[in-house]
Amino acid sequence: MLRPQDSPTRETKRLDGLWRFVVDSDGVGREQEWWRAALPGTVRIPVPSSYNDLLVDPAVHDHVGDVWYQRSVFIPRGWAGQRVVVRFEAATHRAVVWVGDDRVAEHEGGYTPFEADLTALVEPGQEVRLTVVVNNELTWQSIPPGIVEVAADGRRRQHYYHDFFNYAGLHRSVWLCSTPPTHLADVTVVTDIDAGAGLVRYSAVVEEAGATTVGVVLRDAQGVVVAEGSGDGSTLRVADPELWQPGRGYLYDLQVDVVDGSRLVDRYVLPVGIRTVEVDGTRFLINGNPFYFRGFGKHEDIEVHGRGHDDAAMVHDFALLGWIGANSFRTSHYPYAEEVLDHADRQGIVVIDETAAVGLNLGIGGGMFGGGSRTTFSDETIDRRTQDVHRRAIEELVARDKNHPSVVLWSIANEPESHTDAARDYFQPLFAAARRADPTRPVGFVNMMFAPPDKCTVSDLADVIMINRYYGWYSETGDLALAERNLESELRAWAETHAKPILMTEYGADTMAGLHSADAAVWSEEYQVALLDVYHQVFDRIDAVVGEQVWNFADFATAPSIIRVGGNRKGVFTRDRRPKMAAHALRRRWLGLP
Ligand code: GCB
């Protein structure tokens, strides 16, 4: 599925803006077929945005169930004879779409796009009603999982096994697009370096191809043609390529043309970065050079918008990454907006791309998140059906992001249970699915403290060891000397038993901005600085450690909890992106690293 774009043969119309909106508090909309007429009420809310924080109403903020969005759309009159598609970049966590009275699409999973072909249903110049029901419920069969409980007063309440707030709605753009009936449905690009030359292997899928053929042209950033090819798949050779590198996101443009004789039938232009990624022993190589990750686990989380994409906020976050000397981030804990990956490609920021599989672990926090005494993998909890949904989430992530040079590593889950045989049975087919979907990039998952090297049953399936550790915070609270010892001995154990690159994908401490303490008491800015410093000293002593990603880039909203004060405060920046003391300390370290 290609991202919408304008080209000589394609047009797009973004449907962002204010849509009619109704919270279906009584859960009657589907039965009453609300898509058949104008939605009740007068509320309008913006797309893209989470709906939760917009209306200052707990019934909206904490709603569990369906919400409805609707607007009318003119099908551009110039689109006669074209294929007409509506595309949703994200509907969290699932949606059904109607055009007029016709049901046109249904999708499970809150962070990957889906489309519907409307060609047979609409006429150019016609005005149509577009209605979407979005459901935010997390269950044992959703990724991420959760449970909906009915409280004593009859209200439905959502529980889940991760801390970040369950924002929902149409979080990203909605598009109406035209393509020719004969069109490029997909393009895949894999790059390599061979004796100093860049190789760009492409393969194109054309729908309703008939007698058409495919021709490609690769241009450099100045627009100069550097290679040409023809056929559905082939390899282009670029002499003296300018490589895509961390810190320098050089991109070529691959123009893919579908032609019928001399007539241009369809054109799509795909940005391409020439680079290689490889794991070699304990080293993580980009273009054959050892790469050390410095950066953050992030969230898509800002005031008012919640998880809704915002270009201004994105550009500012990348500017802060540059300011602090970061070279990478992880899309914790779900696939981010496609604009973010495009921007990372251009800025030369390295991305660990994660699915929304977070909280597959009922042991965390001794049931702090409601796990209680349940077993994580069982017929009553996370089962084969969940695994199917998880597999599709991996496949959809790879299908969406496979052509981004910034993406160097897939993370198929965050902190799942991984110390049991059941966990291995669950994950083995998922690793296989990820490798089938993309044989070119390393694959991993993020390990948590219950599964140290002698207990983890899943790590040997991964190419890299990604671990989150909170020595000095959730354990050894306030005791950094002990935290240092325990961290070092665990990291050394990983290095001795696994001989793979080790990436610390989370470490950090909650910190109230403005709370100061001469003896670095927990929650103070001084303690956050001291804790990060201790970790860095340990990392610098262990060769197999190839990266440090602090938890978190910024403070973020969470579900209500007695261990959170106005959200998770492990940000190095506050939620409104002001640096804490730790930001300056990290900047000194990271700008000073080779
Ligand atoms: C973790 C999770 C992350 C949490 C973090 C914390 O291990 O991966 O989602 O926010 O800990 O601060 O507790």
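Reader: Where is P144 found?

Author: P144 is found in the loop between strand 9 and strand 10. The model is a predicted one. A cis peptide bond joins I143 and P144, with omega about 0°.

Reader: Which peptide bond from T92 is cis?

Author: The bond from T92 to H93 is cis, and omega there is near 5°. H93 belongs to the loop between strand 5 (83–88) and strand 6 (94–99).

Reader: Is N136 buried or exposed?

Author: Burial is read from relative accessible area, and under 20% means buried. N136 has 4%, so N136 is buried. Its place is in the loop between strand 9 (127–135) and strand 10 (146–150). The side chain of N136 reaches the backbone nitrogen of G65 at 2.8 Å.

Reader: How many residues of helix 3 are buried?

Author: In general, an α-helix has 3.6 residues a turn, so residues three or four places apart point the same way. Helix 3 (residues 338–347) is mostly covered, with seven of its ten residues buried. The buried ones are E338, E339, V340, L341, H343, A344 and D345. Just after helix 3, G348 takes a positive phi of about 70°.

Reader: Which residues touch the most other members of the largest nonpolar core?

Author: They are F296, I324, I412, F427, F431 and L491, in a core of 85 residues. Helix 7 (residues 525–541) supplies the largest share of this core, seven residues. The core lies between domain 1 (11–179) and domain 3 (278–592), because both give residues to it.

Reader: How many residues surround the ligand?

Author: There are 13, and the closest are H333, E415, Y474, E506 and K570. This shell divides into four nonpolar, four polar and five charged residues.

Reader: Which side chains have an N or O atom at a listed distance from an oxygen atom of the ligand?

Author: Among them is K570, with a side-chain N or O atom 2.4 Å from a ligand oxygen. For D163 the distance is 2.8 Å, and for W551 it is 3.0 Å. Taken alone, the ligand exposes 320 Å², and the protein buries 91% of that.

Note on methods:
Residues numbered from 1 in each chain as written. Predicted model: local features only at pLDDT ≥ 70, side-chain atom pairs only at ≥ 80, totals over all residues. Heavy atoms only, no water. Near = heavy atom within 4 Å. Polar contact = N/O pair within 3.5 Å; in protein donor to acceptor, adjacent residues only side chain to side chain. Areas by Shrake-Rupley, 256 points an atom, 1.4 Å probe, with all protein chains shown as cover. Nonpolar A, V, L, I, M, F, W, Y, C, P; charged D, E, K, R; others polar. Core = buried A, V, L, I, M, F, W, Y, C linked by side-chain atoms within 4.5 Å. Buried < 20%, exposed > 50% of the residue type's maximum accessible area, 1.4 Å probe, protein only. Helix = DSSP H or I, 4+ residues; strand = E, 2+ residues; numbered from the N terminus. Domains from an automatic or database assignment.
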